[in-house]
Amino acid sequence: MKWRLMAAFIGVTLLVLLVQDVPLSFYLRGVENDRIVTALERDAFVLAGRSEEALESADTTDDTALTDMARTYRDAGGARVVIVNAQGDAVVTSDDDQSRVGVSYASRPEIIESLTGTITTGTRYSDTLQQNLLYVTVPVFSGTEVLGAVRLTYPSQVVTDAVNDQLRVLGIVALTTVLLAGIVGFIFSSTVTRRLHLLREATERLAEGDLASRADETAGAPEIRALSRSFNRMAERLNTLIQQQRTFAADASHQLRTPLTALRLRLERARDLLHADPDGAAERLAAAESEVDRLGNIVEGLLLLSRTEGHSAPLITVDLAAIAGERVEQWAALAAESGVEIRYEGPADAPVQAIIDAAEQIVDNFVDNALTVSPEGSTIVVRVVVDGPATTVHVLDAGPGLSPEDCTRAFDRFWRATSDMAGSGLGLAIVTQLAVASRARAQLTPRSGPGLDASVTFATAPGSTSA
């Protein structure tokens, strides 16, 4: 990935340079050509002005001063100078060999046009010099009369060389830009890929079983930090789920070992008594059935506890008053069979925030425990109290109650006040787990008289007007 990012940086830079420098090279060539032509026209007019007096004279065969001037100009700028009279015959050249003096240039198009009073510029191929020439020809005037013409020729290669010199400078700049782009690309790609490499290492450690592996959320680009946070949430969730599985396995093996052993002993004893003492065998089979029921309750409680641990379900708005009233109606018949009265106290509605089905299971667990310990003729009260941002459901019983220390320990898994108490010891553990998932708080409080106050405090739903 690092090299792909670097290649992308360099490729984009090259594309920008090509788009910019190719048109620029053509522009520079045109500018350089125009500059040289303008300079040649200026110099040609200067030479024409100085040639006017010599061309007005009838004898120009030995104009040493004009010849020296042409050679001086040639040596300074490299242009070849030819001065012709009105008939097109050369009277002065900048050549060291003056054999061209007196030769007719009347066949040259640029000379013919200039002798009519027109300035001509352009390029043409010289058969004599075997190269392209850039030329400028201007007429020599005396008033309105054309006395002759001055032609300056310049090798086109000079223009090309000048442009190439500028293009070489541009090339150096472009190469420097590409190198800088490569350096910047290397630094940027190294930074990005380093963070990704560290994240990959953390992923590999997690895949190899290191559940404590976490990514650094404080460094790197915002996208990398967001990815690291997502990875850490995933790792945390995975660690929680694995710990839940381990806890479930430990709890199940610990809690099921004794009942299973007792169940097997009862079944073996019942088999031994099947023929000798049928009534004793039946009694032991009935005990075995009770043990099977207890095992089923334990397994169901463990599964429910496992499902509620680390619950990530969203909070919803539920009517705690309606739920409490409905559960009281459902438990009323069973309570009546035990000689216990159960009633609801509280407002008609009490919206709270909780996960789905949490409130129902909490009330059921509290009422189930209360019925187990409530004496005949007593009353269980399910009360909902709204206190501003908090709404609490209380289940009040008249049983033997618990000490403050036991109220704290009662939420531990498999805890029971006495070894002969019925139940699996998971009900209150499930309650506290459901409360935590609902952002609520569960507690047990001894009452002033006999009994216990089991309560869970929920957050009141926004916009609630209950009092």
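**Terms and their grounds**

Me: To begin with a strand residue, where does His394 lie?
Reply: His394 lies in strand S10, which covers residues 390–396. Helices (H or I, at least four residues) and strands (E, at least two) are DSSP runs, numbered from the N terminus. The model is a predicted one, in which local features need pLDDT of at least 70 and side-chain atom pairs count only at pLDDT 80 or more, while totals for chains, interfaces and linings use all residues. Residues are numbered from 1 along each chain as its sequence is written, and side-chain values use heavy atoms, with hydrogens and water left out.

Me: Why is His394 called buried?
Reply: Buried means under 20% relative accessible area, exposed over 50%, and partly exposed in between (1.4 Å probe, protein chains only). His394 has 17% relative accessibility and therefore counts as buried.

Me: What makes the pairing of the His394 and Asp453 side chains a polar contact?
Reply: A polar contact is a pair of N or O atoms within 3.5 Å; within protein, one must be able to donate a hydrogen and the other to accept it, and residues adjacent in sequence count only if both atoms are side-chain atoms. The two side chains make such a contact at 3.1 Å.

Me: Which residues is His394 in contact with, leaving aside its neighbours within four places in sequence?
Reply: They are Val381, Val382, Arg383, Val385, Asp453, Ala454 and Ser455. Contact here means heavy atoms within 4.5 Å.

Me: Why does Pro462 count as exposed?
Reply: Pro462 has 73% relative accessibility, so it counts as exposed. Pro462 is found in the segment after strand S12 (452–460). From Pro462 to Pro389 the C-alpha distance is 8.4 Å, although 73 residues separate them in sequence.

Me: What is listed in UniProt for residues 169–188?
Reply: The unreviewed UniProt entry lists them under "transmembrane region". UniProt positions are given in the numbering used here, feature names are shortened, and annotations may be inferred rather than shown by experiment. In the model, the span is 100% helix and 0% strand, and its end C-alpha atoms lie 28 Å apart.

Me: What makes the nonpolar surface patch of about 390 Å²?
Reply: Leu180, Ile183, Phe186 and Ile187 make this patch. Patches are made of residues with over 30% relative accessible area and no salt bridge; like charges are joined within 9 Å, and nonpolar side chains (Val, Leu, Ile, Met, Phe, Trp, Tyr) within 5 Å. Accessible areas come from the Shrake-Rupley method with a 1.4 Å probe, and for residues only the protein chains shown count as cover. Ile187, found in helix H4 (residues 156–207), has a relative accessible area of 51% and is therefore exposed.

Me: How do you know that Asp165 and Arg168 meet in a salt bridge?
Reply: A salt bridge is a side-chain nitrogen of Lys or Arg within 4 Å of a carboxyl oxygen of Asp or Glu. The N to O distance for Asp165 and Arg168 is 2.0 Å, and their side chains meet in a salt bridge. Both lie in helix H4, three residues apart, about one turn of the helix. Asp165 is partly exposed because its relative accessible area is 39%.

Me: What makes the phi of Arg439 worth noting?
Reply: Its phi is near 60°, a positive value in a residue other than glycine. Most residues other than glycine have a negative phi. Arg439 is in the loop between helix H10 (427–437) and strand S11 (441–446), and at 55% relative accessibility it counts as exposed.
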